Amino acid sequence: MDEQLLGPLSADETMLALLHSRAEAERLRERERLFSALLESVNSVLWALNWQTGEIIYVSPAYEQVFGRPIALAMTSYDVWINNVYPDDVEYVQETLNQVLQQGAMESREYRIIRGDGEIRWLSDKCFVSQRSEAGMPLLVVGIAEDITEKKRMEEELQRLATTDVLTRSSNRRHFFESAQRAFELAKTTAEPLAFLLFDIDDFKKINDRFGHQMGDLVLQRVAECGAQMIRRGDLFGRIGGEEFALLLPGCDRELAEQIGVRLQRAVRQLMVPTPQGPLRVTISQGLAVVKEDDKGLDALYARADEAMYKAKRQGKDQIVQG
Ligand SMILES: Nc1nc2c(ncn2[C@@H]2O[C@H](COP(=O)(O)OP(=O)(O)OP(=O)(O)O)[C@@H](O)[C@H]2O)c(=O)[nH]1
């Protein structure tokens, strides 16, 4: 219509329009090359999902490096992406994606994937709804998935250092009592039994004095190994003092806890720590207490186990006393 109003274009005008559209096309190609180069240099995986069809409509080149799988595989459906998610995290990934749809965005969701070579890696995914389903436009969810495996490893290492006793690799005192507090509260609400076994190496000062501090450390490590062998899933074991250790046994009544104490006593007696003067024998004294209905706090349980342990020492050591 414009053409009718303005009249037909002259040859020069046509040439100019042609040149202009060529330059425009070249500019677009240049931008595309720039975007491709940028996407290739980004280590994170950019992705876009058509929510209605379940199609992954875009993944950036980093996919191949992060997932260790060909891009063509990812560009099929969302199910293929989900198949790469570590089984324990699938539910979380599905739930959080639904939340993205409700809230419009999610800053970070962390989950594990299984790479093509079987390696498990951690991803942090920032995603948002890029296009609402309006006027026939598809509903698009886009995201940036970053490989945070190294960061996770460092976090885990820091957590391990903060909660573990360096010498014996058992829980340190603070972590033991924090976890014990939670186990105590749970036992009180569920009325499940809970046992506390406290033990201390006998005449440890003499071991240090006679064989040196290094040998003392070795004895601590070997005794700690015996303690660690007693625990099942859900139990706690920690070094709560110099040569003092504790076992917290949820679900264990007095009888069962005593059996564990007897096994521990035997395991320690059987230890033979090599020294230049021949194998060194070690014994421990144990105090055993179980949670009572009127126990107000963990302190009450701990105090009974402590009192019982000192009674075991006074009564000649190498024995278990009930508190
Ligand atoms: N090698 C070593 N010794 C430690 C460590 N922590 C504490 N000790 C020593 O453990 C000894 C504990 O001595 P005591 O409290 O007298 O106890 P004990 O000699 O075992 O005597 P009983 O408890 O009555 O059997 C002290 O000499 C501490 O120096 C450690 O990490 N390594």
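User: Where does Ser44 lie?
Analyst: Ser44 lies in the loop between H2 and strand S1 (45–50), where helices (H or I, at least four residues) and strands (E, at least two) are DSSP runs numbered from the N terminus. This is a predicted model, in which local features need pLDDT of at least 70 and side-chain atom pairs count only at pLDDT 80 or more, while totals for chains, interfaces and linings use all residues. Residues are numbered from 1 along each chain as its sequence is written, and side-chain values use heavy atoms, with hydrogens and water left out.

User: Is Ser44 buried or exposed?
Analyst: Ser44 counts as buried, at 14% relative accessibility; buried means under 20% relative accessible area, exposed over 50%, and partly exposed in between, with a 1.4 Å probe and protein chains only.

User: And what is Ser44 in contact with?
Analyst: Leaving aside neighbours within four places in sequence, Ser44 is in contact with Ser60, Ala62, Ile144, Ala145 and Glu146, contact meaning heavy atoms within 4.5 Å.

User: Zooming out, what does the secondary structure of the chain come to?
Analyst: The chain has 12 helices and 10 strands. Its radius of gyration is 33 Å, well over the 20 Å that the globule rule gives for 323 residues, so the chain is more spread out than a compact globule. The radius is taken over C-alpha atoms, and the rule is 2.2 Å times the number of residues to the power 0.38. Taken along the principal axes, the C-alpha atoms fill a box of roughly 115 × 50 × 25 Å.

User: How many of the residues are buried, as a percentage?
Analyst: Buried residues make up 40% of the 323 residues in the chain. The accessible surface comes to about 18,900 Å², and 53% of that belongs to carbon and sulfur atoms; such areas come from the Shrake-Rupley method with a 1.4 Å probe, and for residues only the protein chains shown count as cover.

User: What about contacts across the sequence?
Analyst: Among contacts between residues at least 6 apart in sequence, 56% join residues at least 24 apart.

User: Switching to charges, how many salt bridges does a search of the whole structure find?
Analyst: The search finds 26 salt bridges, each being a side-chain nitrogen of Lys or Arg within 4 Å of a carboxyl oxygen of Asp or Glu. One of them joins Asp89 to Arg112, with the closest N and O atoms 2.8 Å apart. That pair links distant parts of the chain, since Asp89 is in the loop between helix H5 (78–83) and helix H6 (90–103) and Arg112 is in strand S3 (residues 105–114), 23 residues apart. Asp89 is buried, with a relative accessible area of 8%.

User: Which parts does the bridge between Asp202 and Lys313 tie together?
Analyst: Their side chains meet at 3.0 Å, N to O. Asp202 lies in the loop between S6 and helix H9 (204–211) and Lys313 in helix H12, so the pair ties together parts that are 111 residues apart in sequence. Both Asp202 and Lys313 are buried.

User: Which residues do salt bridges that share partners join into one network?
Analyst: The network consists of Arg115, Asp117, Glu119, Arg121, Asp147, Glu150 and Arg153. Within it, the side chains of Glu119 and Arg121 meet at 2.7 Å, N to O; Glu119 counts as partly exposed at 28% relative accessibility, whereas Arg121 is buried, with a relative accessible area of 14%.

User: OK, aromatics: how many pairs?
Analyst: A search of the whole structure finds 11 aromatic pairs. Rings of Phe, Tyr and Trp (its six-membered ring) pair if their centres lie within 6.5 Å, and planes under 30 degrees apart count as stacked, over 60 as edge-to-face and the rest as tilted. Phe176 and Phe177 form an edge-to-face pair, 5.3 Å centre to centre with 90° between the planes. Phe176 is buried at 0% relative accessibility, and Phe177 is buried with a relative accessible area of 16%. Ring pairs also link Trp47, Tyr63, Phe67 and Trp81 into a cluster.

User: What phi does Ala191 have?
Analyst: Ala191 has a positive phi of about 60° although it is not a glycine. Ala191 lies in the loop between helix H8 (173–190) and strand S6 (194–201), and counts as exposed at 67% relative accessibility.
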